[in-house]
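Please walk me through this structure.

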Amino acid sequence: MALGALPFDRDAPAELVLPRALVTWDGQRAWLTTVEGGDDGSDAEQLGSEAASAALDPPADRGPRAPDGFDLRSARPHDEWCRVVADTVERIRGGAFGKVVLARRVDVVANGPLPTGQILERLAALYPACMVFRVGGFLGASPELLVRRRGDTVASHPLAGTVARSGDAAADRSLVEGLLASAKDRAEHAFVIDDLRARLQPWCAELRVPERPSVLELRNVSHL
């Protein structure tokens, strides 16, 4: 199993990591995979033993406490962000784009070190339907499966169209119904599905694409 970080910018460098020692758990069994070789001087057998001990018999000491103070700052001024949004809308209306996903970075400064192991455990507990990952210092939980291949079968589980969850069951049902009925969100979802269909078609003998999207409900949001 390799862990990859692939940027959207195809001119930016990508990273693919093949772990020297990997502990895998499928809910019933656990097994250890080690990779020999390499020039880093590490002992795969020793790494495997340490990885298995840490994964299957975690120490009682949870390590340093998580920080209890945070400072959040937008990396882009609000006025500049609003100009980016307005410019993007105009370019969509002018036909330059069909769909754009804008992202705004938020910098978080904590009053102590961030314990990545505890963060991963919390993400796994809070978002059991997501894929929790860490590649170097890059970690997160994603509900979106870009592509999976098992034998001669490939699958993708794209997401497009999102609505927040309120915590109230009746209100959430209404929000989901609105998401399914939204022409804007359905159009955004169709962009993704049509692109995936076009990219997979040359490589597949058969494609099965649902006629309409379903809803994936997470702790904080619902996706098409």
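Predicted model: local features only at pLDDT ≥ 70, side-chain atom pairs only at ≥ 80, totals over all residues.

On the face of helix α4 turned away from its buried side sit the exposed residues R173, E177 and A181. Exposed means over 50% relative accessible area, buried means under 20%, and partly exposed lies in between (1.4 Å probe, protein chains only). Helices (H or I, at least four residues) and strands (E, at least two) are DSSP runs, numbered from the N terminus.

Residues are numbered from 1 along each chain as its sequence is written, and side-chain values use heavy atoms, with hydrogens and water left out.

Now turn to the other face. The buried residues of α4 are D172, V176 and L179. They cover an arc of only 55° around the axis, so they lie on the same side of α4. That arc is taken from the directions from the helix axis to the C-beta atoms. What do the buried residues of α4 pack against? Their partners are β11 (162-164), α5 (183-200), β12 (216-217) and β13 (221-223). Packing here rests on contact, meaning heavy atoms within 4.5 Å.

Next, look along the helix. α4 covers residues 169-181, which makes 13 residues. From first C-alpha to last it reaches 18 Å, close to the 18 Å expected at 1.5 Å a residue. The expected span is 1.5 Å times one less than the number of residues. At the start of α4, a side-chain oxygen of D168 comes to within 3.3 Å of the backbone nitrogen of A170. Such a polar contact is a pair of N or O atoms within 3.5 Å; within protein, one must be able to donate a hydrogen and the other to accept it, and residues adjacent in sequence count only if both atoms are side-chain atoms.

Stay with D172 for a moment. This residue lies in α4 and is buried, with a relative accessible area of 8%. Its side chain reaches the backbone nitrogen of G167 at 3.4 Å. Leaving aside neighbours within four places in sequence, D172 is in contact with R165, S166 and G167. D172 also belongs to a network of salt bridges that links it with R165 and E217. A salt bridge is a side-chain nitrogen of Lys or Arg within 4 Å of a carboxyl oxygen of Asp or Glu.

How many salt bridges does the structure hold? It holds ten. One of them joins the side chains of D195 and R199 (2.9 Å, N to O). These two are four residues apart in helix α5, so about one helical turn separates them. D195 is partly exposed, at 38% relative accessibility. Another salt bridge pairs E80 with R76 (3.0 Å, N to O). E80 is partly exposed at 31% relative accessible area, and R76 is partly exposed at 29%. R208 forms a salt bridge with E206, their closest N and O atoms being 3.7 Å apart. Both R208 and E206 are exposed.

Finally, step back. UniProt, in an unreviewed entry, lists residues 79-224 as "domain: Chorismate-utilising enzyme C-terminal". UniProt positions are given in the numbering used here, feature names are shortened, and annotations may be inferred rather than shown by experiment. Over residues 79-224 the chain is 39% helix and 23% strand. The end C-alpha atoms of that stretch are 31 Å apart.
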